[in-house]
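Here are my notes on this one, as numbered points. Have the coordinates open while you read.

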Amino acid sequence: FQFIPSNQDKVKLSWLGHSSTLVEMHGITILTDPHFSKRAGHVARYSPCPISCVEQDLPSTINVCVLSHDHYDHLDHETLSILHDKVQYFIVPMGLKQWLMEEINIPSHRIIQLEWWQSVVLPAKQNNNSSSTLRFLQSPSNLLSLQDLPLNAKKITQQKQSNEDKIVVTCTPAQHYCSRTPFDRNRRLWCSFAITSYKYHHETTTIPHKLSFYFAGDTGVPTQFPLFRQIGDVLGPFDLAALPIGAYRPKYFLAQSHCSPDEAVLMHRDLRSKKSVGIHWGTFDLADEDYTEPPKLLQHATNTPTTTKTDPTIDFTTIAHGDSIESNDNTTPTVTSIEQEGNKKEIFQPNLQTTNNEKEEGMANEVSDDPSKENTDCVADEDAMIAMSVVNSLEELVTENDDILTLLENDNYDIQEEEDKDYEQQVL
């Protein structure tokens, strides 16, 4: 593998084996679940790692390293010990920060820990050598959560009008589990990541060019809940997605935590990914299927009459270890007015329409009346505005749940009070 800088108006992904990828977006380099060792726990590699020397084969600076969970095939002590000086920021789910600090000796200020649906905004500064430097300020303006999006929609809009390049990393849910020993199962969180970068071409326009990438990490596909459709509705569409297609046999044992190639195709559709690449296969002997089977089944799944009839232009492929793939040309407008955004929302997510229209309209008026916009159209962040309708629906659910919890607490209190009285009588 040889690192070659990409076209800055596309997402470029280089597959380094298993779930390890090197992604470039607008000059920002992102590493996912790096694993360059010869073994994952007790499991050996099928093929040599394409990274022979970290210092020579990888960029001098890696802006972001995202870690999806703590399993040995995704969180490798040896690799992180070699890499950690090259990485600006590690972005991890809850619980992994302490492990990185204790086991790898990574300073606290270089680790950003997120919960599901929490995002971090990282402004980017272009260096003279065409590489980027990110900076993170631990403040409410940089850490955003889904529950606060009605407020943060305006906040991100104002940030975007500062004409400052940035990336937004969102910790999104996955169906999996965690453990590194028999005694710490699910003590840490697992996740996937949605990453969006904004690049201003100051000489041509004040509207940023947007690129989006989704990293699924390790996940199964829920049978009773449309998880990836929700992620696609809130944060999609994605220019490029890295989706797992291996370690699925025997199905009765692995179906809840891993997905097969045909399930990955469903994920691709639900996420509204414009182009996807299969990962998590052909590297470690983790399951019963032959390591050459996943790409064959993926090709079959994308070419079946049912699939081609539903989506004749599906773009989901695999590449060899060390090879690279780029997203398709992104010629669509990246940021739209609030009126256009509302029309788009009706098309993309009819199942997430809110009943609180007045609140949403009020928010739109509040943003559009910002005097700092002068003669320019009101610009709204695509991800945040689409998510507003989800939040309004969630608020109603939270209110109902609070009422239920109050009733349950009262009942438990009454029961406990009666038990205390009985105990007192017995003592007397």
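1. Of the protein's 428 residues, 54% count as buried. Keep in mind that this is a predicted model. The secondary structure comes to twelve helices and 18 strands. Take contacts between residues at least 6 apart in sequence: 71% of them join residues at least 24 apart.

2. On to the cores. The largest nonpolar core has 56 residues, and the members that touch the most others are Leu13, Ile91, Phe193, Phe213 and Tyr214. Helix 5 (residues 227-235) gives the most to this core, with five residues. There is also a second, separate core of 23 residues, with Leu31, Val54, Leu96 and Ile104 among its members.

3. The buried ones are Leu227, Phe228, Ile231, Gly232, Asp233, Val234 and Leu235. In the loop between helix 5 and strand 15 (240-244) you will find Pro237.

4. Leu13 stands opposite Ile325 of strand 18. Leu13 is also one of the residues that touch the most other members of the largest core.

5. Which residues of strand 12 point one way, and which the other? Lys166, Val168, Thr170 and Thr172 go one way, while Ile167, Val169 and Cys171 go the other, and all are buried. In a regular strand, side chains alternate between the two faces of the sheet. With seven of its seven residues buried, strand 12 is largely enclosed by the rest of the structure. Its antiparallel partner is strand 13, joined to strand 12 by seven bridges. Lys166 has Tyr198 of strand 13 as its bridge partner.

6. How many aromatic pairs are there? The count comes to four. One of them is Trp15 with Trp281, a stacked pair at 5.2 Å centre to centre with 25° between the planes. Trp15 sits in strand 1 and Trp281 in the loop between strand 16 (276-279) and helix 8 (293-303), so the pair ties together parts that are 266 residues apart in sequence. Both Trp15 and Trp281 are buried.

7. Trp116 and Trp190 make an edge-to-face pair, because their ring centres are 6.1 Å apart and their planes stand at 80°. Trp116 belongs to the loop between strand 8 and strand 9 (118-126), and Trp190 to the loop between strand 12 (166-172) and strand 13 (192-199), so here the parts tied together are 74 residues apart in sequence. Trp116 counts as partly exposed, at 34% relative accessibility. Trp190, on the other hand, is buried, with a relative accessible area of 15%.

8. Arg180 lies over the face of Tyr72, at 4.0 Å from the ring centre.

9. Two backbone spots to check by eye. His18 has phi near 55°, a positive value in a residue other than glycine. His18 is placed in the loop between strand 1 and strand 2 (21-25), and at 2% relative accessibility it counts as buried. Trp117 also has a positive phi, about 70°, although it is not a glycine. Trp117 is in the loop between strand 8 and strand 9 and is buried, with a relative accessible area of 14%.

10. Last one, in helix 8, where Ala301 is found. Is Ala301 buried or exposed? At 8% relative accessibility, Ala301 counts as buried, since the cut-off is under 20%. The C-alpha atoms of Ala301 and Ala264 are separated by 9.3 Å, with the two residues 37 apart along the chain.

Technical notes. Residues numbered from 1 in each chain as written. Heavy atoms only, no water. Core = buried A, V, L, I, M, F, W, Y, C linked by side-chain atoms within 4.5 Å. Buried < 20%, exposed > 50% of the residue type's maximum accessible area, 1.4 Å probe, protein only. Helix = DSSP H or I, 4+ residues; strand = E, 2+ residues; numbered from the N terminus. Pairing = 2+ DSSP bridges. Phe/Tyr/Trp six-rings, centres within 6.5 Å; stacked < 30°, edge-to-face > 60°. Lys NZ or Arg CZ within 6 Å of the ring centre and 35° of its normal. Contact = heavy atoms within 4.5 Å.
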